[in-house]
Amino acid sequence: MRDQLVLALLAVLIGGIVGFLLFVPFVAASYRRGGRLPLSRLAMWSAALVYFWAIWTYTLLPLPDPDTMVCAGVNLNPAQFVADILEAISAPGAFLTNPAVLQLLLNVALFVPLGCFVRVLGQRGVVVSAVLGLSISAIVEFTQLTGVWGLYPCAYRVFDVDDLLTNTIGAVIGSLLALALPRAMRAGVASTSAAPGGEVTRGRRIYAMVSDLVAALIIQGSTGILVQLWLQFVVQDRSAVIAGTIAGVTGTLAAIIGTLAVVMATGRTIGDIAVGVRFAGGPGDEWVARLMRYLGGIGGYLLLSALPGGWGGLAFVFAVLSLVLVFTRIGPGGLPGLLARRRLSDARRGASRPR
């Protein structure tokens, strides 16, 4: 039970990290394709991401110790599970607690969510669900059979063709069960005909703000990691690696400079570009307006968070104020619109109907 809990937490952790890295591209793709991103759909995609990592962790982890591992067998009889079930029926005791029956039910249940995701997110039916179920199951089984493609000298888990069949059945069942969901939940992303324009809603503005923050953190984190690797393997200064000061400062500067360069070059932040909005119109010099737009958004947050001591807490106050202003009568333009004296518009249509 403890191992299963660890694997579940590992799947959530890895899925969360990958989702964090893919958040901005996902938001951008959703707005390019459908002109919107419902929160329910974001939650569904997040669940799908965690689910796929769960399949990987539950079927391949934990990896065994090469010195103590025992090579597993192979079952090439596609009807073996039928014999196991018939034996379980004839044996005394509770049928549903029989290990063979439990194994069968779990193999089916493991791929039921896959069929649901294919139906709801991919807008595809039973055939595609079956093909994907069989393909993913085959990848997992052959990864086990080859000892993680040569990482181990032999298979450390049993290669079972029955798993291919039961996993595929699970995906088909999931696809059929998804038909019971309300039609609104099974509706695909809005058609591309909706993409040329749309309201700059508060939700859209919040997605832009979150995308800005995620992009800045990715720049900061990746730069810090590269600096730490350089200090460790090139400079070989272990004390600097342990302290982390150089990596922290360099990462922060990279985030500030990188996000500023995007705004000054395009007039929009990474989040604005992702959700397809811009600040346009209004008096004053355009370059000053771009700088004010930067300082009123992610730039102000990054600069405040870089202040020494307790002053860095002002970044939290700034973030809360920015979020609150989005929900006031000022409209979705918020603080950046006030400082830049620009109107928030749909970048694809040139006009907006702020709510």
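A pocket is here an open set of grid points with protein on both sides within 12 Å along at least five of seven lines. In this predicted model, the second largest pocket has a volume of about 420 Å³. Its lining comprises 22 residues, and those lying nearest the centre of the pocket are Met209, Val210, Leu213, Ala319 and Ser322. Two or more lining residues come from each of the helices α9 (202-235), α14 (298-305), α15 (314-326) and α16 (334-340), and of the contributing elements α15 gives the most, with 8 residues. When the lining of this second largest pocket is divided by class, 15 residues are nonpolar, 5 are polar and 2 are charged.

The largest cavity has a volume of about 40 Å³, and it is lined by Gly267, Phe279, Glu286, Ala289, Arg290, Arg293, Ala340 and Arg342. Helix α13, which covers residues 286-295, gives the most to this lining, with 4 residues. By class, the lining of the largest cavity holds 4 charged residues, 3 nonpolar residues and 1 polar residue.

Helix α4, formed by residues 99-120, has 22 residues and reaches 33 Å from its first C-alpha to its last, which is close to the 32 Å expected at 1.5 Å a residue. An α-helix has 3.6 residues a turn, so residues three or four places apart point the same way.

Definitions and conventions:
Residues numbered from 1 in each chain as written. Predicted model: local features only at pLDDT ≥ 70, side-chain atom pairs only at ≥ 80, totals over all residues. Heavy atoms only, no water. 1 Å grid on protein atoms, 1.4 Å probe; cavity = no way out; pocket = protein on both sides within 12 Å on 5 of 7 lines; lining within 4 Å. Points joined across faces, edges and corners; volume = space filled by probe spheres on them. Nonpolar A, V, L, I, M, F, W, Y, C, P; charged D, E, K, R; others polar. Expected span 1.5 Å × (residues − 1).
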